[in-house]
Amino acid sequence: MDKFLKIAVTLWTLIFLVFATPEQSLTYRHPHQVLHDFKRLEYATSQLTDEHLNQVELIARILSPKNVLNKLLDKNLEISSLCFNQSLYGVESLLSGGTEGSWSLKMIDAWGKPGSGISTGNLAWLGDFDECQNIVSYYNSSYTSGSSFSLMPESFEGQYCSIQVKHLAVEPTIGACVPSGCTADGIKEVVKHLLRQVLDKKVTVEVKCQQNHRMLSTGALITLVIFGSMGLMCFVSSCYNHFYMEKHKPADKNVSASTNPLQEKSALGEFLMCFSLYTNGYKLLSTKQPPGSLKCLHGIRFLSLTWVILGHTLVFSLNSVVNPLTLFAWMKTWSFQVLVNGTVSVDSFFVLSAVLTSYLLLVQLEKGKTISRKFFISVPVMYLHRYIRLTPAYGFMLLFYTCLMLYSYDGPLKPVNTAIGDAFCSSHWYANILYVNNVVKPLEQCAPWSWYLSDDFQYFLLTPFVVYMLYRLPVGGVILSVAMVIASIGSAIGASVKYDLGVAMFFGRTSFLDPVEITDDAQDYYYAPWTRYQSFGIGILFGYCLWRCNGKMPLSKVGNVCMWVISLGIMLAVLYGPYELIAGKRVGTVAETAIYNGFGRTGWSIALGYIILACCLESGGWVNELLSWPGFVPLSRMTYCAYLVHPVIMTIITSSQKNKVYWSKITLIYMFGGYLVCAYSVAFIFSLVFEVPFMLIDKKYLTGKLK
């Protein structure tokens with residue numbers, strides 16, 4: 001096992017050191033950061049005047065293709081000779097008319113033009129990306145003979161660039177199509193010179209040009225080799241499983257594998273079977289559950305991730321729609337409160353994890369399998385098992401996200417001048433692998449949605465000791481657990497008061513006229529394990545209650561009904577209670593928002609904890625029947641991988657859009673359905689190749705042999 005661990009650590013270190021580059025890229029941004037930016041945009045558009053609209057119109061007119069292309073011919077500017085000659089050829093070809101200038105017309109046609117809806121956030125006029133990138137101009141030898149064009153390559157292509165003007169009341173982005181010989185710096189010089197002629201205010205210009213042909217980086221090639229090797233291993237194992245094991249399967253069902261020499265697997269065969277798609281797929285899709293399973297957890301787990309995906313569908317779309325402020329306005333409506341306050345879906349996962357972990361540990365202690373000394377000796381094995389259970393699939397997701405994602409799509413919203421999907425992965429990958437990215441520079445973490453894994457893993461490190469105290473000293477264990485929950489609530493209230501946070505961090509307190517910056521201090525409320533522990537701690541207590549109940553509901557039918565009503569009432573209060581503040585009908589006080597931020601997650605966790613308790617004790621009625629539906633079992637098994645991959649899928653789809661889309665509520669529904677199906681479809685394959693094999697290896701060769 002030591003040898004295996006050394007090889008694994010060396011491999012991960014080598015991979016990420018090879019892939020680490022100083023390049024920058026557009027990274028995944030946390031939903032709160034996106035919402036913050038759109039609060040700023042909403043504020044800016046709410047202050048629009050005729051002067052501002054005229055300014056935007058003036059900028060669009062000044063940065064027309066005619067003006068920019070003509071300015072590229074200004075010898076007083078720092079324009080490369082290649083860009084100058086290609087632009088000159090384009091202008092002269094256009095003036096010559098006929099088919100000679102058709103490519104020049106396409107270049108102008110592909111240029112972004114202002115559209116309507118500026119007040120709803122339509123400030124990005126992307127033009128036609130494909131039309132621009134598909135332009136190819138061949139020099140006419142008779143036309144260029146004896147001129148400077150004869151020194152140029154035989155052809156050049158159209159190059160798509162985005163021009164953003166910053167430090168204005170509204171900051172428009174225009175898609176530009178220029179010859180491939182031009183550079184972003186040259187275009188920037190031209191744009192700044194044009195704007196200085198008409199704008200008194202000093203502005204900043206940002207120009208990004210897409211590469212027409214992108215070669216695979218070293219990191220991408222190595223990642224392809226690793227992924228290909230895993231795929232080949234699974235293919236060979238599946239062939240071995242199907243063509244050899246099934247072929248030599250005994251005809252007599254009463255003959256066991258141990259009595260049939262042909263059916264006995266060699267050490268290599270045993271190892272290969274860990275990667276068999278045939279066997280692992282059957283197990284993954286099976287609806288069978290072992291006796292004593294907490295069946296309702298499968299339904300809650302699937303529905304909770306569905307809720308997360310629904311919320312992310314809305315947030316991820318804000319940067320890729322024509323009318324982002326319309327989506328933002330939806331968030332102030334009554335029906336959308338379930339999305340705005342949907343971050344409690346993460347707390348549902350904390351509760352689920354804690355209930356299951358504490359209950360299973362208590363059952364293990366009760367069966368007498370572990371005496372005190374042996375229990376604490378087994379704790380490191382629990383930690384290792386948990387690490388191996390989570391890390392392989394997580395690591396492979398990070399590899400794809402970092403090294404291959406940018407090669408899977410193309411479009412005007414794609415990051416430029418980089419070979420990696422997230423610049424922070426090159427410098428902070430170790431924090432993810434060590435599960436500390438929630439506290440080590442949390443605003444610069446690689447794959448930021450993985451903060452939950454770090455919180456959960458850190459809570460797991462504490463759980464065996466808390467559970468053991470609950471088992472040996474019940475009163476002391478309960479007091480300790482409650483004290484930890486209260487401390488977590490206190491830290492959340494403290495962060496809310498100190499940084500003057502609104503509900504859901506932004507809404508209600510700061511209002512839309514005073515956007516608050518996202519700082520490390522504000523993130524102490526959302527990512528920090530000490531503010532989120534309350535949900536996990538409550539889950540531990542409910543797991544303890546479930547174990548103590550020993551399968552019998554301690555409440556009468558009337559008491560159970562009352563608890564159901566109270567639980568559902570608490571959930572509705574958490575989701576819809578702060579509606580007036582979120583809708584902007586009034587500004588909440590510091591005390592109001594602090595109470596909600598401190599106790600909202602607590603209330604949700606207690607309500608969900610009771611629902612789990614009632615369902616596991618057969619007192620959940622039709623709700624238990626629904627949540628325990630066997631069809632949820634395979635979906636629940638794939639939930640971890642679906643959680644890992646769904647932000648990657650959303651990033652690829654939204655960033656590959658060639659033009660921004662006008663969204664309606666129907667659009668939201670079908671996009672959500674598409675993301676949900678894609679997430680679980682990819683998760684099925686991802687789990688078969690990168691998760692289940694390592695779970696079996698751990699069981700057969702590592703921690704399974706140490707238990």
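Modeller: What follows is a close look at one pair of packed helices, with some notes on the rest of the chain.

This is a predicted model, in which local features need pLDDT of at least 70 and side-chain atom pairs count only at pLDDT 80 or more, while totals for chains, interfaces and linings use all residues. Residues are numbered from 1 along each chain as its sequence is written, and side-chain values use heavy atoms, with hydrogens and water left out.

The protein chain has 30 helices and five strands; these are DSSP runs numbered from the N terminus, helices being H or I with at least four residues and strands E with at least two. Of its 707 residues, 55% count as buried (buried means under 20% relative accessible area, exposed over 50%, partly exposed in between, with a 1.4 Å probe and protein chains only).

Now the pair. Two packed helices are described by the angle between their axes and the distance between the axes. Helix 16 (residues 344-366) packs against helix 25 (residues 590-616) at about 50 degrees, and their axes are 9 Å apart. Axes here are lines fitted to C-alpha atoms, for helices over the stretch in contact, and angles run from 0 to 180 degrees between N-to-C directions. Helix 16 and helix 25 are therefore oblique to each other: angles under 35 degrees count as roughly parallel, over 145 as roughly antiparallel, 65 to 115 as roughly perpendicular, and the rest as oblique.

Which residues meet? From helix 16 come V344, D347, S348, V351, L352 and V355, and from helix 25 come R601, W604, S605, L608, G609 and I612. Contact means heavy atoms within 4.5 Å. By class, this contact has seven nonpolar, three polar and two charged residues (Ala, Val, Leu, Ile, Met, Phe, Trp, Tyr, Cys and Pro count as nonpolar, Asp, Glu, Lys and Arg as charged, and the others, Gly among them, as polar).

Elsewhere, Q458 lies in helix 19 (residues 451-472). Q458 is buried, because its relative accessible area is 18%. Leaving aside neighbours within four places in sequence, Q458 is in contact with Y435, V436, N438 and P529. The side chain of Q458 reaches the backbone oxygen of Y435 at 2.8 Å.

Two loop residues complete the account. K441, in the loop between helix 18 (425-433) and helix 19, has a positive phi of about 45 degrees although it is not a glycine. At 48% relative accessible area, K441 is partly exposed. N550 is not a glycine either, and has a positive phi of about 55 degrees; N550 counts as exposed, at 62% relative accessibility.

Key. A polar contact is a pair of N or O atoms within 3.5 Å; within protein, one must be able to donate a hydrogen and the other to accept it, and residues adjacent in sequence count only if both atoms are side-chain atoms.
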